[in-house]
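Here is a note for a colleague who is opening this structure for the first time. The points below can be read with the structure on screen.

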Amino acid sequence: MARDYYEVLGVGRNATKTDIKQAFRNLAKQYHPDANKADDAEARFKEINEAYEVLFDDEKRARYDRFGHAGVTGNAGGGGGAGFGGFGGFEEIFEEFLNNAGFRTNSRTRKGPKQGGDRRVNVVVTFEEAVFGTERDIEFDRLDPCETCAGTGAEAGHNPITCPQCNGSGEVRQVQQGFLGSMVRVTACPRCGGKGTIVEKPCRVCDGSGRLKKRVSLNIKVPAGVHGGIQIQHAGQGDAGDSGAPRGNLFVVIDVKDHEIFVRHDNDILLDLNLNVVQATLGSRIRIPTVDGEVDLDVPAGTPHGKIFRLRGRGFPRLRSDGSNSGRGDQLVRVQIEIPTKLTAEQRQLFEKLAHSMGTNVASPQSNKGMFSRVINWLSGE
């Protein structure tokens, strides 16, 4: 007696179609005869296929739930003659598996010359250049078509010929018969190396490769707002392909130098502003740097340590995926109150008068560090 289809796939009777498909994928890959050499693998695979074909089809599943195997006899394949019509994406499910194994389920071949390889160039920009964008003239090595043979790889007057072993396909095939039908194992032609053509008399300049290394120059644009590590693609600027195939691409990898006083935080720019006790207590107007130039910042009286002031629109441009911008971030100015470590006699007297007027005990000169800590605590409201 045939096993319960739900049991075969290892799913419950309330399983969704997604659950059924996922269970089938996992089991089919596990028991596919090309991956599993066990004696019962083929029979197990047919059983899994039969269960999936019934349970994934809403009408068949309804009949099966009501009448059992009798409700689908002759529709599900009957345990030996199961076809792949209505299978719900068999080729899709096994495409990765078959490709990794070097198999194909049809006679199509990958013809045509091989595309050129990609190249990568590192470009270092300053902090300000990352904010506003810049241009660079870069030099790099790539493979260009040989000018002597025009990229054919053949000596002048001798054109490449079609490979007689693969008839120009660049591939050789071995047909294997299995219960799934004809399976074709495809490998690169050993005679032409997969090119489909043979150069009988190679070019003496490029040794028949059709390409030579060349130093080239290119002007590139670095968009405003770039982050360190971002890659900018320049299509068709990589190595030349075989026999006129498309070029590869050039990837420009951006590295941004650290700034002496600015730190990037997402699209904002952080600046630490050092103030002394008097400036923070009484307030002051400070001229501070930004990437756009110096501006005045009004520090109100009683500003605490760690206070952050926000200067709108003076940060990094927000870079979109297409290279355009959508506004700018902000500059964040973080207050750092500096405690003096050395005082003149006059300055100490002034601090002592301040402490006396506030009713604070004054430490001895040997312990003045503690006194200054208490002043800062008072200024910070602690």
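Which residues have the most contacts inside the largest nonpolar core? The model is a predicted one, and the points start from that question.

1. The largest nonpolar core holds 37 residues. Those with the most contacts inside it are V123, I138, V252, I254, I288 and L297. In soluble globular proteins, nonpolar side chains tend to be buried together. For I138, the residues touched beyond four places in sequence are V121, V123, V216, S217, L218, I220, L250 and V252. Another core, of 20 residues, lies apart from the largest one. Y6, L27, I48 and L55 are among the residues of this other core.

2. Some totals for the whole protein. It has 382 residues, of which 36% are buried. The secondary structure consists of nine helices and 18 strands. Among contacts with a separation of 6 or more, 64% are between residues 24 or more positions apart. The exposed surface comes to about 22,400 Å², and carbon and sulfur atoms supply 46% of that area.

3. Helix α4 covers residues 58-67, and K60, R61 and Y64 are buried in it. Why can these be said to line one face of the helix? Seen down the axis of α4, the buried residues fall within an arc of 100 degrees, so they line one face. An α-helix has 3.6 residues a turn, so residues three or four places apart point the same way. The partners against which the buried residues of α4 pack are α1 (5-9), α2 (17-31) and α3 (41-55). On the face turned away from the buried side are the exposed residues D58, E59, R66 and F67.

4. The two ends of α4 can be checked as well. At its start, a side-chain oxygen of D57 comes to within 3.0 Å of the backbone nitrogen of E59. After the helix comes G68, with a positive phi near 75 degrees.

5. Two residues other than glycine deserve a look for their backbone angles. Most residues other than glycine have a negative phi, and most peptide bonds are trans. N167, which is not a glycine, has a positive phi of about 55 degrees. N167 sits in the loop between β4 (161-162) and β5 (171-178). With a relative accessible area of 65%, N167 is exposed. D266 is not a glycine either, and its phi is positive, near 55 degrees. The loop that holds D266 runs between β11 (262-265) and β12 (268-276). D266 is exposed, at a relative accessible area of 57%.

6. How many disulfides are there? The count is zero, with a disulfide taken as a pair of cysteine sulfur atoms within 2.5 Å. C189 is in no disulfide, and the nearest cysteine sulfur, that of C163, is 3.7 Å away. For C192, the closest cysteine sulfur is in C166, at 3.7 Å, which is too far for a bond. C189 is buried, with a relative accessible area of 2%. C192 is buried too, with a relative accessible area of 9%.

7. G196 belongs to the loop between β6 (181-188) and β7 (197-198). Is G196 buried or exposed? Its relative accessibility is 1%, so G196 counts as buried, the limit being under 20%. Leaving aside neighbours within four places in sequence, G196 is in contact with I161, T162, C163, C166, G168 and G170. P164 is 32 residues from G196 in sequence, while the C-alpha atoms of the two are 8.8 Å apart in space.

8. Q331 is part of strand β18, residues 331-338. Its relative accessible area is 0%, so Q331 is buried. Which backbone oxygen lies 3.1 Å from a polar atom of the side chain of Q331? That oxygen belongs to P289. Not counting residues up to four places away in sequence, Q331 touches F262, I269, L271, I288, P289, T290, V291, F309, R310, L311, R314 and G315. I288, one of the residues touched by Q331, is also among those with the most contacts inside the largest nonpolar core.

How values were computed:
Residues are numbered from 1 along each chain as its sequence is written. This is a predicted model: local features need pLDDT of at least 70, side-chain atom pairs count only at pLDDT 80 or more; totals for chains, interfaces and linings use all residues. Side-chain values use heavy atoms; hydrogens and water are left out. Helices (H or I, at least four residues) and strands (E, at least two) are DSSP runs, numbered from the N terminus. Buried means under 20% relative accessible area, exposed over 50%, partly exposed in between (1.4 Å probe, protein chains only). Contact means heavy atoms within 4.5 Å. Accessible areas come from the Shrake-Rupley method with a 1.4 Å probe; for residues, only the protein chains shown count as cover. A nonpolar core is a set of buried Ala, Val, Leu, Ile, Met, Phe, Trp, Tyr and Cys residues joined through side-chain atoms within 4.5 Å. The arc is that of the directions from the helix axis to the C-beta atoms. A polar contact is a pair of N or O atoms within 3.5 Å; within protein, one must be able to donate a hydrogen and the other to accept it, and residues adjacent in sequence count only if both atoms are side-chain atoms.
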